Each structure stands twice: as structure tokens, then as C-alpha cells.
Amino acid sequence: MNYILYILIFTTYSAFADNYRVGVIVPLTGMVADYGVAIERSIKLAQEKHAKLLKNVEFIFEDVSYDPRMAVQAFYKLK
């Protein structure tokens, strides 16, 4: 079987805020969870290794279980 994996990462920025929020929509469960978990762990590892650089960045993970309907809902939730 061939799988197409869509990963959506977007940010919100306010000129008046010092913090950034980054929404990460990935499959953390389901048949392609390995990819989503790898992305989540990579981001968390980057946060640990570059704590000073990413101190004002908050990552919010949404699990979509490789379901397009859940991906749309997660997008609107994070938006």
C-alpha cells in the first residue's frame, strides 16, 4: 500500500506578544503513527537542545489519526 502523509505546521504571531504558538497537526495514532511520533519527538528534542532559542515558542500537537476530517477539525481548533 502507498500512503500519503500530510503534515501541517502553522504559527500565530502577534506584534504585541513575546510568545509564539506553533500548531502541529500530525497522525500520532493509526496506521502512519510512526511518522507523526517521529516528528513530535524531533520537535521536542530540538526544544531540549536549543532551549534558549525556543524559549518563547510553544508547540501544540493535534493527533489526526490519518483521517482528513479530523485534520480539518484540528486545523479549525488551532486556528
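**Reading burial, pairing and packing**

Student: E62: buried or exposed?

Tutor: A residue counts as buried under 20% relative accessible area. E62 comes to 14% relative accessibility, so E62 counts as buried. The model is a predicted one.

Student: Where does E62 lie, and which residues does E62 touch, leaving aside those up to four places away in sequence?

Tutor: E62 is part of strand 3. With residues up to four places away in sequence set aside, E62 touches V24, I25 and V26, and also A74, K77 and L78.

Student: What about E40: buried or exposed?

Tutor: The cut-off is again 20%. E40 has 17% relative accessibility and therefore counts as buried. E40 belongs to helix 1. Its contacts, not counting residues up to four places away in sequence, are L28 and F61.

Student: How should I read the pairing of strand 2 with strand 3, and how many bridges join them?

Tutor: Look at the direction, then the bridges. Strand 2 (residues 20-26) and strand 3 (residues 57-63) run parallel, and seven bridges join them. To go residue by residue, V22 has F59 as its bridge partner in strand 3, and G23 stands opposite I60 in strand 3.

Student: What unit do strand 2, helix 1 and strand 3 make?

Tutor: Follow the path from strand to helix to strand. Strand 2, helix 1 (residues 33-49) and strand 3 form a β-α-β unit, and this unit is right-handed.

Student: Why is strand 2 described as largely enclosed by the rest of the structure?

Tutor: The description follows from a count of buried residues. Strand 2 has seven residues and five of them are buried, so the rest of the structure largely encloses this strand.

Student: Which residues make up the largest nonpolar core?

Tutor: The largest nonpolar core consists of seven residues, namely V22, V24, V26, I39, I43, V57 and F61. Strand 2, helix 1 and strand 3 are the elements that each give two or more residues to this core. Strand 2 gives the most, with three residues. Another core, of five residues, lies apart from it and includes I25, V64, A74 and L78.

Student: How many aromatic pairs are there?

Tutor: Rings pair if their centres lie within 6.5 Å, and the count comes to one aromatic pair. The pair is F75 with Y76: the ring centres are 5.5 Å apart and the planes stand at 70 degrees, so the arrangement is edge-to-face.

Student: How exposed are F75 and Y76?

Tutor: F75 has 30% relative accessibility and counts as partly exposed. Y76, at 55% relative accessibility, counts as exposed.

Student: Where is Y66 found, and how far is Y66 from V32 in space?

Tutor: Compare separation along the chain with separation in space. Y66 sits in the loop between strand 3 and helix 2 (68-78). Y66 and V32 are 34 residues apart in sequence, and their C-alpha atoms are 6.9 Å apart. Y66 counts as partly exposed, at 26% relative accessibility.

How values were computed
Residues are numbered from 1 along each chain as its sequence is written. This is a predicted model: local features need pLDDT of at least 70, side-chain atom pairs count only at pLDDT 80 or more; totals for chains, interfaces and linings use all residues. Side-chain values use heavy atoms; hydrogens and water are left out. Rings of Phe, Tyr and Trp (its six-membered ring) pair if their centres lie within 6.5 Å; planes under 30 degrees apart count as stacked, over 60 as edge-to-face and the rest as tilted. Buried means under 20% relative accessible area, exposed over 50%, partly exposed in between (1.4 Å probe, protein chains only). Two strands pair if DSSP finds at least two bridges between them. Helices (H or I, at least four residues) and strands (E, at least two) are DSSP runs, numbered from the N terminus. A crossover is right-handed if, with the strands pointing away from the viewer, the path from the first strand over the helix to the second runs clockwise. A nonpolar core is a set of buried Ala, Val, Leu, Ile, Met, Phe, Trp, Tyr and Cys residues joined through side-chain atoms within 4.5 Å. Contact means heavy atoms within 4.5 Å.
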